[in-house]
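Have a look at the model first, then read on.

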Amino acid sequence: SSSSSSSSSSATTTSVRRRRGEIIVPKAIQRKAGSNYSETSIQFWKYQGLGNDFILVDNRESDAPKISPERAALLCDRNFGIGADGVIFAMPSPDPSKFDYKMTIYNSDGSEPEMCGNGIRCLARFVADLDKDQRGKKYNVSTLAGLIVPEVREDGQVAVDMGTPILNASNVPSTLKDCERSHEMTVDGEKWLANAVGMGNPHCVVYKKANGEMISDVYGLDLPKIGPIFEKHETFPAKTNTEFVQVVDKGRVKMRVWERGAGCTLACGTGACATVVAGVIEGHVDRKCVVELPGGPLEIEWREIDDKIIMTGPAEPTFEGTTALGV
């Protein structure tokens, strides 16, 4: 039944959707009978960070991902595939003198984002588990957003040096005038105040409406309705992730996210970082802040000394297997 689907699956572009009583089958899984298996099986592992779940593939022996974007979208489907918010590949290092390995990720709709905060925590734990590395080791990971440095700590938590935020609007990219303050955006006839923040990927952070009214109940918002409109808003030419934030106090906020290419998910690491950056700029939160997501809390610190953001949170294995699903 539709009620058994998770919130993240119901919002993705590959999920089964009901329209006027009909079930609409996603294009990625409309195929002839008997044609849904590939000739080769692929081993995979499932990991999750605060409920943001990923299919992990050890791809370090090849420069080409073992799974195509279209096949990744099928595998992420929670009704017709394995079910995940994305597929992450541990790829060979593009420069062994600078990087330990490279991260490539496909969203649940097959698109390729620049970075994923929860994803890189899962990737670091995945490689550490595979290679049986000692806890406390740091990894230099190449991503489309540049160098990211995760560390698997003794307690199993993964702390990630996310680098410095992008606060130049054209580099986010966004057509908002600047990133130094919030700007008015009209979405579905309602006016909001939004901050543009870049974390290697674009973020639109919303704490309040244009009339100054703060978000008082983040779980009262209709994300499946307004999320896609924010995502595709003309203000963000490369589309955007959108964070809706309710302030508890200066050291704690509640946040829900609509992820670009994945929809409503339980957690978003880069989104949590962007949330704190925008909150500090607007005077809502301190530089060290706990971001409570539907899947659990992330500890975020935007260090004043070097402008870097440190994100700390869990990454845990759930199961492993093999799949022959293809497209």
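1. Is Gly81 buried, partly exposed or exposed? Gly81 is partly exposed, with a relative accessible area of 24% (buried is under 20%, exposed over 50%, partly exposed in between, with a 1.4 Å probe and protein chains only).

2. A word on the basis: this is a predicted model, where local features need pLDDT of at least 70, side-chain atom pairs count only at pLDDT 80 or more, and totals for chains, interfaces and linings use all residues. Residues are numbered from 1 along each chain as its sequence is written, and side-chain values use heavy atoms, leaving out hydrogens and water.

3. Gly81 sits in the loop between α2 (69-76) and β5 (86-91) (helices, H or I of at least four residues, and strands, E of at least two, are DSSP runs numbered from the N terminus). Beyond its neighbours within four places in sequence, Gly81 is in contact with Leu74, Leu75 and Leu325 (heavy atoms within 4.5 Å). Between Gly81 and Leu325 there are 7.6 Å in space, C-alpha to C-alpha, although they are 244 residues apart in sequence.

4. Among the residues that line the second largest cavity are Ser182, Tyr207 and His284 (a cavity is a set of points on a 1 Å grid over the protein atoms alone where a 1.4 Å probe fits but cannot get out; lining residues have an atom within 4 Å of a point). β11 (190-198) and β12 (202-209) each supply at least two lining residues there, and β11 gives the largest share, three residues.

5. For the largest cavity, β4 (52-58), β6 (101-107) and α5 (269-282) each supply at least two residues of the lining.

Definitions and conventions. 1 Å grid on protein atoms, 1.4 Å probe; cavity = no way out; pocket = protein on both sides within 12 Å on 5 of 7 lines; lining within 4 Å.
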